[in-house]
Structure formats: C-alpha cells, structure tokens
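Me: Please take a close look at the metal site of this model and the residues around it. I would like one connected account, with the cut-offs behind each term.

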Amino acid sequence: MSTPTAGSAATPATIERTPEGWRAPGIANLHSHAFQRAMAGLAERQTHPEDSFWTWRETMYRMAGRFDPDSLHAVASQLYVEMLEAGYTGVCEFHYLHHAPDGRPYDDPAAMSRALIAAARETGIRLTLLPVLYMTGGFDGRPLGERQKRFGHDVDGYLRLFETLRAEAGDLLRVGCALHSLRAVPPEAMHAVLAALPADARIHIHISEQIGEVQDCLAIRDLRPVEWLLRNAELDARWTLVHATHLNDGEVDGIARSGATVAICPTTEANLGDGLFRLRDHLDAGGAWGIGSDSHISVSPVEELRWLEYGQRLATRRRNIAVAPGSPGVGVTLLRGALASAPQATGFDATDDAIVLDADAPILAAASADDVIERWIFSGNRPLVREVHVAGRQVVADGRHPQRDAVAGRYADALRRLLRD
Ligand SMILES: [Zn+2]
C-alpha cells in the first residue's frame, strides 16, 4: 500500500478539514528504547516499600538480558506499528542493547542495530537511530556490572559502530549519537566522541532524570548534571536532553539559551516516579521541547501531551498552563511545540508526513479547526487516527497498519520466549 498523497506541506500545528478527515502533521517520538515495550505492565507489582526507578531498573535489566536480534526485531516491529497507528511518524531510537548477553560483540557488531533498522523499514516509520555510548557504571568510573556488559563500548569501538551505521543512512534513516548519561560516559570519552562526530550529527543524552543522579554528580564533579554539561560541552540545537527533570533556575535558562531540545516523556516519568519537568518555566525561557514514549508504558502522543499538561495542573492547582502569546489553546500550543522541535531533534524535515483524524468520531462532532486539536488531545481515549502518511506514502489506512496481524503474531511468539523462565 503506497498511495501517493497530495504532498501538501503541513506546517506546525495546522489542521485542515479534507474529504478524508482532519489532516494534521505527523508527530515525532523523540525518545524510545524499543525493547522495553516487552516489559510494559510487568513492573507494576511492589517488590519493596521504597520501589523507585532503581528497583524498576532491576526488572528492566532482567528483560534486557534475554534479547537477541530476532526478538528485538519482533518487539520493535510491534512497537513501530503501534506508534504509526497512534500518529507518530518518526522515532528516535536510543539504542544501547548492542552485544550478546555476556558482553561479547555479535559476529556482526551492528546486528542489534540492524534489527531496529529492519523493523523501521518494514513498518515504514522514520528512524533516527542513536547508538548509545555506555562505558561506566557510575560517576566514580566503576566498571560496568555483569548485566550492563552488553551495553558497553570503548571510544574506538563506538566510533566504528557509528560509522558502520552512518553508511546505512537514507531517506527514512538518520544516524546520530547518544551518550547514555553523564554517569555512563567519562568526560574524556565524551570529548573524544564529540570531536569525531560529523557536524550535522544529532546528539542525545539522558540527564537529570533522578535526584540520586544529581547528588552523585554534585559529589564527584562539583556541579549539577546540566550545569556540568553547559560548562563542558558546546550545547546547541543539535542536542536533545532527555528528561531534564530536576533543574535549578540557572539550568532552565542555560538549556533554553543553548537552543537544545528537551525530550519530555510524561507517561514514563510518571510511571517511574521521576518528578515533574518545569514546563512553564521552560516555555517562559523560550526553550525547545518535544515528547518521547521512552519505556513505552504508553504509546500515544495524545496521552503524552495530555499528561504533560495534567501534571502541571495537579502540581499548581491551576488550569490551562501550556499556552503561549497568541496561542491560548493548550492542545494547539502543545502540538505546535512538539512539532517545532522535531527537525532539529530528529534530523528529518518531515513536512510530507501527515495524519488524518476520523471526522465522524462522536467526540469530533461539529468540530471546527479552532477546537478539533483540543478535543483530540483532551477528550479522546478511542484512537482517532485513521490514516498515516510518511514521506508521502500511506502506511495506515482505516486506523490499521496493513501488517498489524502478522507483526502481532511474531510479537506474541517473541514474548512467549522472552518471558519463559
Ligand atoms: Zn531513556
């Protein structure tokens, strides 16, 4: 199925009524660990009265240790079908599951990356593949733990992988760089990798997701994580800071001034008990931001945008927080913000991506261009995306990806293998 579309250049947050339905731009998912979709819902039982991100990570490491290229392909394919059907037309894959479980590289050191590339190609989603540099188990430089060994590279090995993947880039594939976090990348290694990157490479990093990470960074580097990064790297529009949850005022201003994008992942940050991003302060400072589904506890841009706003409302006991001058509608302002940052965060100028919402859905009855986005974001639980077009090619029709059933079958087989004791 590859029906050419009219090729209309969608501009941020424009929505128009067409004979097919309400047509809007496609949405970029700025942060994904595809394999984690397989554990969604499997870490919601209390294992300890003080359950936290760190106890969740134990469950995640157990799951990560079971993947091979075939199961990663099956899980990523299912995830990408779900993303497309939900209205995401591109994904930034923050990929650190590089080697075999014992830490030895596969015969093809890029085998796991190629599983993600194949899943994206077969399902038709844009992929910004971000191979992750992961070197140490903490700010003190301790070696990787047993279960982290399959994530690890030295600088030369990492750059070889980066170059191998970069040669694969094409119309729907960009290759950028991810630094796992400051705790996983020593300063000298960070500088060496940054110096070797091509000028147009996008750079993503997890930062300030957890208070413990801020405290460790202060203890060992004398600065908070974002402060340290602002002083030790030339942050600019090529950078995407993932989470940036715990910020002081100077960090909020520094990020906004740098031009870097913040990838906010509201459903994962809620699920993991991370904390709340300082959205209003970031907007007031003129900062760029987008959304990611990260652990994929939810795969829905609607839910990410809705909870981005709802978190702020719960914390401030006020309504309608994410607005901007000339843009009083929260849904429109949120969608516009997410769309505006996408080219710099993903490396794609995806102006020929589009989604079409079901104009016959009851919650869009008598809708106008002025209220349809607010209704979509705030009142919908039934998926309203009927069509999805990526680079002018239709990949979802009547709400369904054409490979939905075949992909789901392979996913179910993979899950049975992954969950077997
Ligand atoms: Zn992440």
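Reply: Buried here means under 20% relative accessible area, exposed over 50%, and partly exposed in between, computed with a 1.4 Å probe on protein chains only. This is a predicted model, in which local features need pLDDT of at least 70 and side-chain atom pairs count only at pLDDT 80 or more, while totals for chains, interfaces and linings use all residues. Residues are numbered from 1 along each chain as its sequence is written, and side-chain values use heavy atoms, with hydrogens and water left out.

The zinc ion is coordinated by the NE2 atoms of His31, His33 and His206 and by an OD atom of Asp294, at 2.1 to 2.7 Å. Donors are N, O and S atoms within 2.8 Å of the metal (3.2 Å for Na, K and Ca), and since water is not among the atoms, sites may look incomplete. The 4 donor atoms subtend angles of 84 to 173° around the zinc ion, and the arrangement is therefore irregular. Under the criteria used, four donors count as tetrahedral if all angles lie between 85 and 135 degrees; four count as square planar and six as octahedral if opposite donors are over 155 degrees apart and all others between 65 and 115; anything else is irregular.

In sequence, the spacing of the donor residues is H-x1-H-x172-H-x87-D. Histidine 206 lies in strand S8 (residues 203-207), whereas aspartate 294 is in the loop between strand S11 (288-291) and helix H11 (301-316), so this pair ties together parts that are 88 residues apart in sequence. Helices (H or I, at least four residues) and strands (E, at least two) are DSSP runs, numbered from the N terminus. Histidine 206 is buried at 9% relative accessibility, and aspartate 294 is buried at 4%.

Serine 32 belongs to strand S3 (residues 27-32) and is buried, with a relative accessible area of 0%. Its side chain makes a polar contact of 2.8 Å with the side chain of glutamate 93, and another polar contact, of 2.9 Å, joins the side chains of serine 32 and histidine 296. A polar contact is a pair of N or O atoms within 3.5 Å; within protein, one must be able to donate a hydrogen and the other to accept it, and residues adjacent in sequence count only if both atoms are side-chain atoms. Leaving aside residues up to four places away in sequence, serine 32 touches Leu79, Met83, Val91, Cys92, Glu93, Phe94, Asp294 and His296, where contact means heavy atoms within 4.5 Å.

Two backbone details complete the account. Serine 208, in the loop between S8 and helix H6 (211-221), has a positive phi near 50° although the residue is not glycine. Serine 208 is also buried, at a relative accessible area of 0%. Histidine 243, placed in strand S9 (residues 239-243), likewise has a positive phi, of about 85°, without being a glycine, and histidine 243 is buried at 1% relative accessibility. As background, most residues other than glycine have a negative phi.
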